[in-house]
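Welcome! Take a look at it, then work through the solutions step by step.

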Amino acid sequence: MLYRFHSKNSADCLMLKDLTQRIFLIINRPLEDKGIFLVEQLPDLINRLEKAIEEDAELRKKASSDEAAAKLPDRLGQRAQPFLNLLKSSLKQEDPVVWGD
């Protein structure tokens, strides 16, 4: 399944279900077919996601070999960056982020 997140004055972000589920676990929100992130929720969501990206990067640094790193899930920072950009842009423009409409 493909999720499309969009905001009035920002570029859309498309994500596959696996990444979307991972991000929603990080931000402590149930994944539903439709939803909205209100402007006042965005700072907390951004902080949670940035913290998880930092933790993922640290975990990868601690992996002592390519074999150990290969067992880790895909790089969160790389895969989540378009979504993080959408959240930050929406906060700056003071627009909510919606999906599933």
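**Exercise 1: The surface**

Leu-2, Leu-14 and Leu-16 make a nonpolar surface patch of about 310 Å². A patch here consists of residues with over 30% relative accessible area and no salt bridge, with nonpolar side chains (Val, Leu, Ile, Met, Phe, Trp, Tyr) joined within 5 Å; a salt bridge is a side-chain nitrogen of Lys or Arg within 4 Å of a carboxyl oxygen of Asp or Glu. Areas come from the Shrake-Rupley method with a 1.4 Å probe, and for residues only the protein chains shown count as cover.

Before going on, note that this is a predicted model, in which local features need pLDDT of at least 70, side-chain atom pairs count only at pLDDT 80 or more, and totals for chains, interfaces and linings use all residues. Residues are numbered from 1 along each chain as its sequence is written, and side-chain values use heavy atoms, leaving out hydrogens and water.

Task: find the strand that holds Leu-16.

Solution. Step one: strands are DSSP runs of E with at least two residues, helices are runs of H or I with at least four, and both are numbered from the N terminus. Step two: Leu-16 belongs to strand β2.

**Exercise 2: The core**

Task: say which residues have the most contacts inside the largest nonpolar core.

Solution. Step one: such a core is a set of buried Ala, Val, Leu, Ile, Met, Phe, Trp, Tyr and Cys residues joined through side-chain atoms within 4.5 Å. Buried means under 20% relative accessible area, exposed over 50%, partly exposed in between (1.4 Å probe, protein chains only). Step two: the largest core has 23 residues, and Phe-5, Ile-23, Phe-37, Leu-49, Phe-83 and Leu-87 have the most contacts inside it. Step three: among the elements that each supply at least two of its residues are β1 (2-7) and α4 (76-93).

**Exercise 3: Paired rings**

Task: describe how the rings of Phe-24 and Trp-99 are paired.

Solution. Step one: rings of Phe, Tyr and Trp (its six-membered ring) pair if their centres lie within 6.5 Å; planes under 30 degrees apart are stacked, over 60 edge-to-face, and the rest tilted. This rule gives eight aromatic pairs. Step two: Phe-24 and Trp-99 are edge-to-face, 5.4 Å centre to centre with 80 degrees between the planes. Step three: Phe-24 lies in helix α1 and Trp-99 in strand β4, so their pair ties together parts 75 residues apart in sequence. Phe-24 is buried, at 2% relative accessible area, and Trp-99 is buried, also at 2%.

Technical notes: Patch = residues over 30% accessible without salt bridge, like charges linked within 9 Å, V, L, I, M, F, W, Y side chains within 5 Å.
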